[in-house]
Structures are given as structure tokens and as C-alpha cells.
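Dear colleague,

Please find the structure below, handed over for your records.

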Amino acid sequence: MPQQNAPEVSIPDLIRLIIRYKWAILLGVIIGVFAGYAYFAMAPKAYTARANFFIPPETSEGPSMGFPYSSVLGISSSSLENKIVTFGKSKRLKHMVLANFVEKVRPTNEEMSTLSWETGLSIVRQGEGFFSVSFTSPNPQWSYTMVGLFMHNLVLLLDDLEMTSKQNALKTLDVAVLPTVPDNNSFVNFVVLGGVAGFAAILFLVFCYEYLKAIFKGDG
């Protein structure tokens, strides 16, 4: 029995397919848009607050960063400016900030379970001496509060460990602002993606239907 060749599909064929099934494809787009909106409404939100600060490089007259400080903070470098990001891993600083947060906000145990220090906190070196600290949580007020408490306790810890001096004291450049828009959770993005997904899904089904119909017609 001779082998049947599969029907070829060109761009003009796809365009004609879209025109022929335009109402079915339009319905798929509408359903996709509503699905994207529903997912946006139900998806967990994440809000990020951010502050920027500056620590001038240490001078030769500045305090030493030797073994005692490294053992407390878990860092081995002698440069505060180069290793400031490791403060996010400091258990002492974490306990200081969280203790202040609980005293200030008084969250329930269930609410506290949604607050993650490890994944929520981010310290990024922007340039020589310039840093950005941010905190992400489901509650915008919490993110804002955590950044403020982090900055406050970071200054206290640096002073307590005598790791800064008048020459290289931490200076706040931009204070945190209460976030109002969730991160990576844009209404427009979800609606557009839903519409595109609906369009692609219906077009794929229509293409499969026409493709199989052409094959069976050829076998007949």
C-alpha cells in the first residue's frame, strides 16, 4: 500500500484557518483573559520595600576587622565594604530585627510563618560603598517595617562591634517607601498572557482538527 504524504501547512493556510475559525478563536481569547484575571485575583501577592545606603571605604585609621568580628558574623574578609552583603546571614542581626518586628507588629504564629528572612531579605552591592537592602513579603506594611528595622539594627550592630568609625559610618541615601504594587503580579501581564494562551490553545486545536481531517480525507 503506498504511503500517504502528510499535508503541508504554509503561513497563508494558517491565516485562512484563523479567518475561518475566528469566532472560536475569539471565544478562546475571551476565556483566556477571564482565566488570567481569575488567577491574578487568587494568586498570592508579594510586596518589596527597598532602601539604599552608603558606607565609605575604610581608612587606615579605621577599626580593624579581625578574627573577633569574623567569628560573630561568619565572614573572613577584612573589608567591611566588600562583605556587607553577608550581614543578611548574621543570626545575631536576624534575631535583633525579628524581635523588634514581633514587639512592634505583634503578628500571630500563622502570620509569622509567611515571613521568611532567608528568601525575603536581599542585600545587593550597587557599587563601591553603595548598597541596596530590600525585603519581600505578602504584606506591604511588613516589608516596609522590616527594611526600617534592618537598617536600624544594622547600625546598632556595627557600633556594638566597633566595625565603623566616623570616617566610614553607614549613611542612609534613600529610605524605604511603603510598596503599593505587588511584584511580578501585574494585572495587565496576567490578562495578556491569558489571552495569548487562549488564542494559542484554540488555534492548536483547530490546526489538529484540520490536519487530521486532511489526512483521513486523503486515505479515503
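The structure holds two salt bridges, a salt bridge being a side-chain nitrogen of Lys or Arg within 4 Å of a carboxyl oxygen of Asp or Glu. This is a predicted model, in which local features need pLDDT of at least 70 and side-chain atom pairs count only at pLDDT 80 or more, while totals for chains, interfaces and linings use all residues. Residues are numbered from 1 along each chain as its sequence is written, and side-chain values use heavy atoms, with hydrogens and water left out.

Arginine 20 belongs to helix α1 (residues 11-20) and glutamate 210 to helix α9 (residues 187-219), so the pair ties together parts 190 residues apart in sequence. Helices here are DSSP runs of H or I with at least four residues, strands are runs of E with at least two, and both are numbered from the N terminus. Arginine 20 is exposed at 54% relative accessibility, whereas glutamate 210 is buried at 15%; buried means under 20% relative accessible area, exposed over 50%, and partly exposed in between (1.4 Å probe, protein chains only).

The other salt bridge is formed by glutamate 118 and lysine 94, at 2.9 Å from N to O. Glutamate 118 sits in helix α7 (residues 117-120) and lysine 94 in helix α5 (residues 91-105), 24 residues apart.

Overall, the protein chain has nine helices and four strands, and 35% of its 220 residues count as buried.
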